4 protein chains.
Amino acid sequence: MTFSTSSKGVYAIAATPFHDDGAIDFNSVDRLTDFYEESGCTGITILGIMGEAPKLEADESRAIIKRVVERAKIPVIVGVSAPGFAAMRSLARSSMDMGAAGVMIAPGQGAKTDEQTINYFAGAVEAVGEDVPWVLQDYPLTLNTVIATSVVAKIITNHPSCLMLKHEDWPGLEKISKLRAMQKSGELREFSILCGNGGMFLDFEPERGADGAMTGYGFPDMLSELVSLFAEGKRDEAHDLFDAHLPLIRYEQQLGVGLAVRKHILKRRGVIASDAQRKPGQMLTATAKAEVDYLLARVARHDKRAAL
Amino acid sequence: MTFSTSSKGVYAIAATPFHDDGAIDFNSVDRLTDFYEESGCTGITILGIMGEAPKLEADESRAIIKRVVERAKIPVIVGVSAPGFAAMRSLARSSMDMGAAGVMIAPGQGAKTDEQTINYFAGAVEAVGEDVPWVLQDYPLTLNTVIATSVVAKIITNHPSCLMLKHEDWPGLEKISKLRAMQKSGELREFSILCGNGGMFLDFEPERGADGAMTGYGFPDMLSELVSLFAEGKRDEAHDLFDAHLPLIRYEQQLGVGLAVRKHILKRRGVIASDAQRKPGQMLTATAKAEVDYLLARVARHDKRAAL
Amino acid sequence: MTFSTSSKGVYAIAATPFHDDGAIDFNSVDRLTDFYEESGCTGITILGIMGEAPKLEADESRAIIKRVVERAKIPVIVGVSAPGFAAMRSLARSSMDMGAAGVMIAPGQGAKTDEQTINYFAGAVEAVGEDVPWVLQDYPLTLNTVIATSVVAKIITNHPSCLMLKHEDWPGLEKISKLRAMQKSGELREFSILCGNGGMFLDFEPERGADGAMTGYGFPDMLSELVSLFAEGKRDEAHDLFDAHLPLIRYEQQLGVGLAVRKHILKRRGVIASDAQRKPGQMLTATAKAEVDYLLARVARHDKRAAL
Amino acid sequence: MTFSTSSKGVYAIAATPFHDDGAIDFNSVDRLTDFYEESGCTGITILGIMGEAPKLEADESRAIIKRVVERAKIPVIVGVSAPGFAAMRSLARSSMDMGAAGVMIAPGQGAKTDEQTINYFAGAVEAVGEDVPWVLQDYPLTLNTVIATSVVAKIITNHPSCLMLKHEDWPGLEKISKLRAMQKSGELREFSILCGNGGMFLDFEPERGADGAMTGYGFPDMLSELVSLFAEGKRDEAHDLFDAHLPLIRYEQQLGVGLAVRKHILKRRGVIASDAQRKPGQMLTATAKAEVDYLLARVARHDKRAAL
């Protein structure tokens with residue numbers, strides 16, 4: 001199972017299911033893996049920011065990778081961002097050994113100039129190995145590093161092993177257009193663009209040149225359908241579907257509390273057994289839970305999947 | 001014209017209209033002032049972040065204040081945030097002399113601890129004068145200063161002249177609930193909460209305890225209607241209206257490019273003559289303009305105001 | 001009085017003297033101007049970060065510029081950094097009209113990529129006018145914008161009116177070497193480099209290629225002597241002088257409290273009448289004052305100028 | 001070997017010695033351990049920021065802890081700061097199992113309010129265990145989190161297992177005075193304060209209330225002597241010694257390049273075999289190396305230890 005510069009569709013950002021006592025719930029890991037596949041996802045990304053990776057011991061991370069990779073029939077990408085290259089290399093190597101399709105790397109915290117960002121990824125690629133396919137994560141809202149379009153292009157040019165951009169800059173539509181224009185003019189080689197940011201702009205990103213989404217919204221089946229509608233040129237229908245979900249997408253995209261919303265939905269959908277997070281985690285208040293449930297009921301008027 | 005701790009409704013964050021050559025378009029200033037009133041706004045806030053205040057010479061700022069204050073029949077609040085207290089005092093004093101209802105103050109860039117934030121506002125209040133009614137702007141996404149709920153409470157307690165919170169923390173729903181709970185328990189005195197952030201959560205903020213909105217969305221008339229629907233307890237209708245606009249609200253709330261969207265809509269609505277911005281400004285690409293127009297057309301299916 | 005790409009020596013970062021009640025002390029402004037000249041300074045920079053510029057009303061700023069420019073027989077540079085280009089232009093224009101030699105511009109707060117930094121200065125130069133000579137201030141410790149060496153080079157290349165770099169990156173020695181190497185290889189045109197950061201590395205900066213210092217240390221006469229010693233190739237003597245002052249230089253270079261140290265020394269030297277700062281200002285505690293006086297006494301064993 | 005709230009003297013921030021090929025040089029680890037003891041250090045802190053901890057694989061970290069703890073006859077503290085509590089707990093537990101005296105914890109990157117900082121340390125203490133003695137690292141220049149004096153006090157009050165503050169705020173002298181004043185007034189319990197920041201203010205910190213230093217300056221023997229001189233009330237002699245070293249201390253304290261200076265000195269002193277750093281590392285240019293050697297020669301005129 002591999003991914004490539006022409007990968008399309010939806011890569012689910014996988015949550016990590018815990019029992020109420022904080023232990024990893026491997027049965028729910030299995031169900032979640034199956035669920036993503038059944039939802040039409042073309043890949044799964046695990047141990048990303050929303051996968052509570054920093055709350056896992058090294059052994060636990062490896063256990064989860066093993067479990068998902070062995071079960072999944074679609075490519076699995078592993079988030080290996082770490083404060084140092086040693087931990088990054090170690091996790092990347094064992095991920096690949098276990099059968100992962102590739103890794104995802106975010107910029108280091110300290111990069112403050114274009115050159116520092118470019119050098120950081122050069123160091124990261126040297127650390128994980130030039131043979132390891134990887135996804136460049138561009139997520140300034142959380143990671144604090146703004147990567148200029150020209151710098152994204154430079155990194156992609158420097159590193160043939162970079163096959164995909166996880167695009168979640170904000171605002172970000174013009175960045176997609178610019179990168180695709182650079183490709184058309186021959187300045188830049190081919191690479192896949194999957195969009196994150198909770199799907200907040202997935203009603204326009206495909207037309208701008210994105211190949212799909214890489215995000216963890218509680219309705220990956222809807223994301224798959226949406227990407228398909230765009231592929232079929234059904235613009236209005238795609239927007240109708242998107243607009244029906246947008247109030248919930250928007251609610252789930254809130255920094256910090258978003259993961260709680262996501263786990264709440266996955267639990268309500270019967271995919272995971274508990275919405276528990278490891279500490280530090282932000283749980284939903286009773287009011288917030290009622291708000292999410294109200295939004296679900298409203299979405300359900302247009303999309304039966306939300307009738308829970 | 002004054003505002004108070006019980007102010008409600010919609011305070012429009014006013015754009016500043018320019019001619020294509022960059023000169024202030026005072027006729028459009030007048031039309032915009034009238035438009036906000038006709039849209040049911042209960043107040044106008046000028047020279048805020050979206051009002052391109054830093055691009056105005058001191059004399060120009062004063063000319064705009066004078067123009068709006070003299071024309072408006074609703075209270076006008078003036079954004080006076082500045083890198084130093086001298087400029088803040090100077091602008092606040094002349095605003096009040098010209099008849100403004102009060103001023104809005106954002107945290108200074110340097111505050112890195114609760115105490116520094118609290119002290120900053122103490123200095124600001126001393127500078128503008130303890131008799132000047134003011135609005136506390138809580139907008140970490142742009143201003144980089146996170147103000148804890150307890151710090152908002154402390155500032156409000158310290159300064160009787162702080163009558164209103166412009167709430168645009170994100171995520172921010174729980175903050176409203178907590179502040180209102182502190183009031184109920186008697187820990188905190190009364191104050192008005194108007195919500196910003198482009199209106200992105202205005203479908204839940206009133207139920208959390210907000211008194212309305214202070215934002216510049218291109219359809220202030222819709223914001224007014226929305227706040228009224230909530231006041232009348234028409235929850236589902238309010239959500240229907242909100243959801244119809246959300247795709248556009250979301251598009252307009254993009255950092256940087258949002259003002260271009262806003263001016264484009266105001267121009268299409270016939271309120272301002274030109275969508276010109278002074279430098280540095282981010283204009284809409286042709287693609288972005290087409291996207292906004294497509295969203296307008298979609299909104300128009302539910303709300304005739306968007307049929308332009 | 002002009003400055004140029006070959007300017008050398010010491011440009012004093014001027015403090016702004018206030019009376020104890022906060023009013024500007026123009027007599028002390030005069031004495032300070034004379035003092036800098038008598039100290040061998042080759043220029044004066046006013047209204048910089050350490051000149052409490054944001055605490056001055058616009059009229060006050062202009063009054064100070066007028067006073068210093070009319071009195072000084074050496075070039076005067078005016079700090080015009082501002083949150084918006086309008087205020088920057090306005091201050092720059094009136095500075096030049098009053099006879100200033102040029103202006104100093106720091107990067108804007110929002111620049112997060114090389115391109116944004118480059119564009120910011122393009123906008124600033126357009127605002128103040130391409131005919132106005134200016135100094136590029138590179139001070140990431142306070143201004144939060146790291147300007148890569150290549151970006152400094154680009155800005156200098158883009159703007160012939162940029163005559164000087166106020167170098168206060170930290171660590172910064174290699175940056176000077178790299179810039180001078182770019183000049184030698186013909187990649188970069190001539191420009192002056194004066195170093196700031198309180199003089200903390202002035203024992204090596206001249207050998208790296210700096211033309212002198214632009215800083216506000218309480219002993220500008222010592223800075224002048226130091227730069228002269230280096231010009232004469234008296235390396236060991238220069239270090240002896242520098243080392244004698246370093247404990248005090250280090251103490252004065254503390255962020256925030258440094259200005260209080262500086263004003264305390266200037267007052268003890270009889271140059272300014274009061275060490276008052278406008279709010280917000282950090283004053284010396286009794287303990288800190290005793291520490292500074294102890295350091296002065298220790299410096300005085302090697303340098304009579306410190307025997308106060 | 002334990003440390004306590006009354007620990008005094010010098011805790012060396014240990015470098016991690018590598019062979020030229022990047023492998024850990026355990027013989028140099030041994031020599032360095034002995035060297036710190038022979039230098040009069042009262043403790044050793046390993047795997048701190050200057051110990052290149054993020055460049056070590058988990059197994060390597062444990063091997064170094066084991067090696068140092070088994071050899072040292074003074075307490076060893078282990079830096080366990082990590083992006084997540086799981087890794088922190090894991091490293092802390094195995095450190096304690098191997099015989100470490102305690103751990104050092106820095107604030108998490110995300111804390112933006114006092115409450116978030118306080119909660120972060122509550123989570124960290126829960127993770128490592130309330131029985132594990134720890135050092136609170138207060139180092140905003142690198143860690144970006146400013147911890148107000150009141151917040152330091154709160155954390156110390158909340159957690160009896162916090163025995164020591166590694167004080168390296170800047171400016172920081174008043175913070176020491178305030179904390180000690182809070183102790184005297186009975187507001188705060190006893191705790192040790194050792195100062196970092198390369199020793200840049202160690203000529204005043206003991207008089208302000210510090211118990212010594214925790215830093216990695218290449219002459220820990222001089223730091224020990226300095227702290228002893230202060231303990232004996234020999235103020236002038238202490239300053240003479242400090243001032244002789246200050247030019248070098250200042251040079252070594254440069255962010256990034258400082259570790260290269262430190263390793264260069266330790267190598268020249270014959271303690272470690274190679275000054276190699278793992279990537280990403282900033283090496284000394286030939287010019288910088290010559291500058292350091294020149295400074296060493298100048299220090300040697302006053303302190304024979306620097307005659308290398």
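Me: Where is the place of Met104(B)?

Reply: Met104(B) belongs to strand E4 of chain B, which covers residues 102–105. The model is a predicted one.

Me: Why does Met104(B) count as buried?

Reply: The word buried applies under 20% relative accessible area. Met104(B) has 2% relative accessibility, and therefore it counts as buried.

Me: With which residues is Met104(B) in contact, leaving aside its neighbours within four places in sequence?

Reply: Contact requires heavy atoms within 4.5 Å. On that basis Met104(B) is in contact with Ile13(B), Thr45(B), Ile77(B), Val78(B), Gly79(B), Val80(B), Ser81(B), Val135(B), Gln137(B), Lys166(B) and Met214(B).

Me: What makes Asp138(C) buried?

Reply: Asp138(C) is found in strand E5 of chain C, residues 134–138. Its relative accessibility is 0%, and the limit for buried is under 20%, so Asp138(C) counts as buried. Not counting residues up to four places away in sequence, Asp138(C) touches Ile147(C), Val152(C), Leu165(C), Lys166(C), His167(C), Glu168(C), Asp169(C) and Lys175(C).

Me: How do you know that strand E5 of chain D and E6(D) pair?

Reply: Pairing requires at least two bridges between two strands. Strand E5 (residues 134–138) of chain D and E6(D) have five bridges, in the parallel sense. One of the bridge partners in E6(D) is Cys162(D), which stands across from Trp134(D).

Me: In which sense do E6(D) and strand E7 of chain D pair, and over how many bridges?

Reply: E6(D) and strand E7 (residues 192–195) of chain D pair in the parallel sense over four bridges. Opposite Met164(D) stands Ser192(D) in E7(D). Between E6(D) and E7(D) the chain passes through helix H7 (residues 173–184) of chain D, and this β-α-β crossover is right-handed.

Me: What makes strand E6 of chain D mostly covered?

Reply: Strand E6 of chain D comprises residues 162–167, and six of its six residues are buried.

Me: How do you know that Glu60(A) and Arg278(A) form a salt bridge?

Reply: The rule asks for a side-chain nitrogen of Lys or Arg within 4 Å of a carboxyl oxygen of Asp or Glu. For Glu60(A) and Arg278(A) the closest N and O atoms are 2.8 Å apart, and the pair forms a salt bridge. The pair links distant parts of the chain, 218 residues apart: Glu60(A) is in helix H2 (residues 58–71) of chain A, and Arg278(A) is in the loop between helix H11 (258–268) and H12 of chain A. Arg278(A) is buried, as its relative accessible area is 15%.

Me: What parts does the salt bridge of Arg180(A) with Asp211(A) tie together?

Reply: The closest N and O atoms of Arg180(A) and Asp211(A) are 2.8 Å apart.

Me: Why are Glu70(B) and Lys66(B) separated by about one helical turn?

Reply: Glu70(B) and Lys66(B) are separated by about one helical turn because they are four residues apart in helix H2 (residues 58–71) of chain B. Their salt bridge has its closest N and O atoms 3.2 Å apart. Glu70(B) has a relative accessible area of 58% and is exposed, whereas Lys66(B), with 42%, is partly exposed.

Me: How many residues does the contact between chain A and chain B take from each, and what area is buried?

Reply: The contact takes 33 residues from chain A and 33 residues from chain B. The two chains bury about 2,900 Å² between them, 59% of it on carbon and sulfur atoms. In chain A, Trp170(A), Arg250(A) and Tyr294(A) lose the most area to chain B, together 22% of what that side buries.

Me: How many salt bridges are there between chain A and chain B?

Reply: The count between chain A and chain B is 10 salt bridges. Among them is the pair of Asp203(B) with Arg250(A), whose closest N and O atoms are 2.8 Å apart.

Technical notes:
Residues numbered from 1 in each chain as written. Chains lettered and ligands numbered in written order. Predicted model: local features only at pLDDT ≥ 70, side-chain atom pairs only at ≥ 80, totals over all residues. Heavy atoms only, no water. Buried < 20%, exposed > 50% of the residue type's maximum accessible area, 1.4 Å probe, protein only. Helix = DSSP H or I, 4+ residues; strand = E, 2+ residues; numbered from the N terminus. Right-handed = clockwise from strand over helix to strand, strands pointing away. Buried area = accessible area lost by both parts, 1.4 Å probe.
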